[in-house]
Amino acid sequence: MADIIQLLPDNIANQIAAGEVIQRPASAVKELLENAIDAGATNIQLIVADAGKALVQVIDNGKGMSETDARMSFERHATSKIRNIDDLFSIKTMGFRGEALASIAAVAQVELKTRRTDDELGTFITVENSAVTKQEPCATNTGTSISMKNLFFNVPARRNFLKTNAVETRHIIDEFTRVAMAYPQISFSLTVNGMEQFHLESGSIKQRIVQLLGNGYNTKLVSVKEEMDYVNVYGFVGKPETAKKTRGDQYFFVNNRFIKSAYLNHAVSSAFSDMIAKDSFASYVLFIDLDPAQIDINVHPTKQEIKFEDERIVYAFVQAAVKHALAQFSIAPSLDFTLNPEIQGLDAVSQPFTNRQQDETSSSSLFKTFSQKGQAHLMEPTNKSELKHWKDFFKPNELNTDELIGSAPASKPIPTYGLQIPMDDHSQLTNKSSPLSQHINTHCIQLHNTYILATAESGFLLVHQQLAHERILYDRYSAASHGTQMITQQSLFPVTLELSAPDAALLQDLLPSIQVIGYAIEPFGNNTFIIQGVPADILKGNEKNSIELLLEQFKHFNSDVKFNNREKLVRCMARQQSIKAGQPLTEHEMQTLIEQLFACTTPNVTPTGSPTYVAYTENQIDRMFQRLM
Ligand code: ADP
Ligand code: MG
């Protein structure tokens with residue numbers, strides 16, 4: 001029997017492949033407009049006839065092609081935009097698969113005229129059924145003009161699938177709008193059946209939006225603009241009154257590429273939440289710019305799907321950006337009170353109190369009279385008042401302990417509140433400061449949910465659980481701030497944190513130190529931060545709160561000038577995260593706590609000098625009972 005496998009002729013293979021790229025005239029419009037943009041054009045004309053079925057022509061003033069390139073451009077996988085696989089991850093052009101022109105040439109009759117600025121003559125090429133039918137030099141303007149005539153002339157089945165002219169024209173206008181919207185600096189025109197439908201001069205994004213979506217938007221757009229290292233979000237949202245009952249003017253562009261994303265759409269709608277009716281749709285034109293390495297553009301260059309490396313972060317950014325924009329728009333009028341401009345202009349009023357100013361203040365002689373020993377106005381922070389303050393912060397029930405302790409099913413590991421040294425790792429125990437540390441027995445009893453009574457071979461210890469834990473955490477954070485980075489738990493869902501201007505300035509100052517102790521926080525402009533991760537010790541849902549507390553505490557510590565920021569932060573963290581008095585502990589937790597306490601270099605006192613435990617030796621006890629002389 002004869003062999004039966006054959007290679008498909010090129011034109012058939014191209015026709016099949018074209019099915020994916022060119023489904024209708026509007027697909028060709030998109031591809032040709034994008035090529036013109038990639039060629040650096042500043043003026044692009046689109047001309048269609050018979051809903052694109054008879055003609056789709058794009059004329060640009062871009063860089064044009066050499067004779068050889070012009071010929072090559074119709075080959076499949078012919079592209080000037082990537083050379084190797086790595087380029088895929090930094091792609092900045094609209095096209096790169098080298099399939100568009102080959103596909104168009106497989107299913108239509110194509111005429112190309114192109115010239116580069118420095119070439120005297122341009123090139124004229126006609127292609128039909130993937131074969132070049134004519135190639136000759138020609139006189140033409142700088143740039144490129146490509147005409148696609150009689151789409152699907154050679155694939156009648158597909159031609160029959162095209163919709164009515166009204167529908168196909170609508171698709172063309174949609175594609176044109178999406179491309180023109182993303183490039184307001186380029187002037188565009190669209191001529192349909194000899195009538196110019198759009199004439200768009202280059203201008204601002206806002207002007208372009210109004211030109212494309214209608215004058216009605218002129219006074220109804222709210223500017224969105226948030227920038228940070230990783231991602232920028234900018235553009236406009238329609239004021240709530242522009243919301244429509246039908247999904248209408250909603251545009252997302254990722255690196256200037258139009259995308260559809262129900263997920264990001266949700267981010268915007270949720271930012272509008274109460275401002276528009278449940279069944280109506282907000283209008284928006286939003287641009288999201290991020291590092292191409294973070295998006296997988298390769299998924300579907302012809303379709304409008306895109307994959308983000310971490311779409312939840314993008315979600316949070318978009319939502320925060322829109323919320324912020326809307327908030328500014330709605331509160332702006334009420335901020336319109338007048339303050340004497342001379343006062344308003346003073347740095348002390350308009351600028352947050354900086355670290356440097358604080359340092360200057362604290363080294364001033366006036367300040368020293370308050371803060372130095374032997375000076376008339378010395379105000380020593382008394383431990384008592386400080387403790388009271390801490391107590392207010394740490395009502396035992398503030399942390400949702402029920403969830404963690406009471407109802408934890410037996411099969412789950414017992415929560416250890418970050419007491420992570422394994423139980424039998426006795427190498428961690430040192431005997432430097434306590435005569436009892438070696439003899440601690442594993443038997444523990446909790447008294448008043450506050451003290452741990454731990455038996456030892458020759459006596460017992462009464463450990464204050466909160467103070468002990470504070471010592472442990474202090475040592476851990478302080479080690480972290482000197483090299484061993486704390487473990488950060490990435491938040492499943494990044495949390496945005498909006499602060500007052502002075503708090504934001506303070507947090508900004510503290511960012512480097514805060515990172516070392518396990519927070520992953522990024523500034524997001526306008527006093528907003530994104531919490532991407534928190535130290536592993538912090539309970540889920542408590543991320544935001546923990547930072548607000550931290551700042552609050554830090555401000556109180558801040559009167560203490562002998563510590564640098566990092567040290568203050570470490571102390572705050574230790575207090576904040578410590579197990580509070582009043583919290584029931586399991587025996588396992590108590591044991592771990594005590595083991596870890598005695599692994600510290602100075603287990604007997606907290607960083608501020610309070611005792612962490614009291615030891616009763618057998619001798620002492622005996623003496624109390626007058627058993628010993
Ligand atoms: P891709 O855009 O994916 O590279 P295309 O088939 O769309 O593939 O185009 C093939 C190549 O032809 C492009 O890489 C580019 O070098 C060239 N080209 C296409 N259109 C133009 C144009 N309007 N101006 C200049 N060069 C063009
Ligand atoms: Mg292309």
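I started with helix 16, which is mostly covered, with 13 of its 16 residues buried. Buried means under 20% relative accessible area, exposed over 50% and partly exposed in between, with a 1.4 Å probe and protein chains only. Helices are DSSP runs of H or I with at least four residues, numbered from the N terminus.

I noted the basis: this is a predicted model, where local features need pLDDT of at least 70 and side-chain atom pairs count only at pLDDT 80 or more, while totals for chains, interfaces and linings use all residues. Residues are numbered from 1 along each chain as its sequence is written, chains are lettered from A and ligands numbered from 1 in the order written, and side-chain values use heavy atoms, without hydrogens and water.

I checked the length of helix 16. At 1.5 Å a residue its 16 residues should span 22 Å, and the end C-alpha atoms are 22 Å apart, which agrees. The expected span is 1.5 Å times one less than the number of residues.

Next I looked up its packing on helix 19. The axes of helix 16 (residues 465-480) and helix 19 (residues 565-577) come within 8 Å and cross at roughly 140 degrees. Axes are lines fitted to C-alpha atoms, for helices over the stretch in contact, and angles run from 0 to 180 degrees between N-to-C directions. The two helices are therefore oblique to each other. Angles under 35 degrees count as roughly parallel, over 145 as roughly antiparallel, 65 to 115 as roughly perpendicular and the rest as oblique.

I listed the contact (heavy atoms within 4.5 Å). His469, Glu470, Leu473, Tyr474, Tyr477 and Ser478 of helix 16 meet Glu567, Val570, Arg571, Met573, Ala574, Arg575 and Gln577 of helix 19. By class, I find six nonpolar, three polar and four charged residues there. Ala, Val, Leu, Ile, Met, Phe, Trp, Tyr, Cys and Pro count as nonpolar, Asp, Glu, Lys and Arg as charged, and the others, Gly among them, as polar.

**Helix 18**

I then picked serine 546, in helix 18. Serine 546 counts as buried because its relative accessibility is 2%. Leaving out residues up to four places away in sequence, serine 546 touches Tyr519, Ile538, Gln576 and Gln577.

At 35% relative accessibility, lysine 555 counts as partly exposed. With the same exclusion of residues up to four places away, lysine 555 touches Asp503 and Leu506. I also noted lysine 568, 13 residues from lysine 555 in sequence and 9.6 Å away in space, C-alpha to C-alpha.
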